[in-house]
Amino acid sequence: MTGAPEVEPARGAGPRAAPDRPVKVAHVVLSLNVGGLERVVLRLLERTSRDRFAPVVCALQEPGALAEELARLGVPLVVLSRKPGLDPGLPVRLAAWLRSEGIRLVHTHNPGPHLYGALAAGLARAAKFAGGGGGGPRVIHTKHGRNYPKQKRKVLVNRLAAALTDRVVAVSDDTRAVALEVERVDPAKVVTILNGVDPEVFRPGDARAARARLGVRDAGYHVGCVARLSPEKDHATLLTAFARLREVRPDAHLTVVGDGPVRPALEQQAARLGLGGAVLFTGTRGDVAELLPAFDVFALASLTEGISLTLIEAASAGLPIVATRVGGNPEIVKEGETGLLVSPGSPEPLAAALEAIAVRDDRAEVGMRGRARVIERFGIDRMVRAYEDLYDEVLRG
């Protein structure tokens with residue numbers, strides 16, 4: 001795997017002078033629906049220095065369920081309503097908006113916004129030069145996931161967008177490897193900035209109070225999972241593994257936090273497996289930080305990941321983790337020390353790992369080692385400073 005140091009916050013240089021006027025930064029997304037990418041964007045918006053940067057969000061499809069957070073943060077939102085399928089007029093409309101707003105930096109998130117945002121920034125720069133003006137918006141893209149490395153057409157689209165981009169940010173070493181080895185992005189453009197969480201928000205808490213908040217019994221072995229209910233998260237394998245765990249741990253209880261298209265199928269599967277009151281589907285919750293202390297172990301059965309924000313949050317809350325060995329998960333979970341890693345799509349190893357955590361005398365210590373790792377590598381302030389330093393670097397270029 002190709003490795004390079006992640007972007008470090010600037011040190012020893014003292015406070016940086018704020019510009020006369022904050023630089024306008026446009027975050028281009030599909031929407032702000034519930035998901036890890038969207039929460040990373042919101043946390044970045046919340047902590048970005050407003051003396052230096054003036055952020056605005058441009059949603060290409062719809063506002064999304066989390067868009068109401070922007071009002072609290074004082075961040076403007078514009079929705080451009082992309083047409084279904086390929087929308088060749090969208091880069092033109094987006095470029096016109098970038099020029100009218102005086103946007104100097106375009107920060108895109110995920111492949112569709114990356115392509116449209118990079119094309120629009122190029123058009124805006126060309127219009128500025130044609131009009132006798134210099135400069136124009138620069139482009140930073142955050143690659144939040146692996147983005148279909150086996151689908152050649154999508155790889156080519158990502159490669160094209162990267163050619164029009166100043167920097168591509170990988171959120172894990174695995175994501176970086178895909179950018180370099182599959183999409184063949186210029187290594188000079190690729191940097192790594194790990195996703196971050198606030199360890200003062202996601203921290204160990206009162207298990208009994210958290211279980212009361214969920215409405216589940218206090219006794220027993222509590223397994224928790226927080227993830228969108230979509231096929232790539234493979235809750236089906238988790239449910240099968242949990243049913244096998246119940247054969248040796250009849251006191252086990254599973255809480256699944258999240259919603260998505262496969263929820264009806266998962267509820268039917270739980271019923272077929274005879275899990276009855278042993279599984280709780282909570283739907284989407286806005287109080288995840290308060291719920292995590294209810295769990296004895298956090299489980300994630302994903303088939304693919306960039307780097308899982310919920311996994312980092314669970315580790316920050318002091319939970320031992322059982323997760324699949326995919327994407328950036330091994331960068332969060334230190335095998336045997338902060339949790340256990342298993343092959344994806346395999347219920348037997350997943351069930352065995354959950355049982356192994358249940359009987360460990362040092363289960364609490366396992367979780368606290370995970371929390372220490374988060375504080376060291378995945379802090380939110382570290383992430384924000386790294387992005388701000390990258391913004392400065394690109395704008396100077």
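Trainee: Which residue forms a salt bridge with Arg211?

Mentor: Happy to start there, with a reminder that this is a predicted model, where local features need pLDDT of at least 70, side-chain atom pairs count only at pLDDT 80 or more, and totals for chains, interfaces and linings use all residues. Residues are numbered from 1 along each chain as its sequence is written, and side-chain values use heavy atoms, leaving out hydrogens and water. A salt bridge here is a side-chain nitrogen of Lys or Arg within 4 Å of a carboxyl oxygen of Asp or Glu. The closest N and O atoms of the pair are 3.2 Å apart, and the partner of Arg211 is Asp296.

Trainee: What is the relative accessible area of Arg360?

Mentor: Good one to look at, as Arg360 forms a salt bridge with Asp362, their closest N and O atoms being 2.9 Å apart. Asp362 counts as partly exposed at 26% relative accessibility. Arg360 is partly exposed too, with a relative accessible area of 26%.

Trainee: At roughly what angle do the axes of α1 and α15 cross?

Mentor: Axes are lines fitted to C-alpha atoms, for helices over the stretch in contact, and angles run from 0 to 180 degrees between N-to-C directions. Helix α1 (residues 36-47) and helix α15 (residues 380-396) have axes that come within 10 Å, and the crossing angle is roughly 75°.

Trainee: Which residues of α11 make the contact with α1?

Mentor: The axes of α1 and helix α11 (residues 309-316) are 9 Å apart, at an angle of about 65°. Contact means heavy atoms within 4.5 Å. On the α1 side are Gly36, Arg39, Val40 and Arg43, and on the α11 side are Leu309, Thr310 and Glu313.

Notes: Helices (H or I, at least four residues) and strands (E, at least two) are DSSP runs, numbered from the N terminus. Buried means under 20% relative accessible area, exposed over 50%, partly exposed in between (1.4 Å probe, protein chains only).
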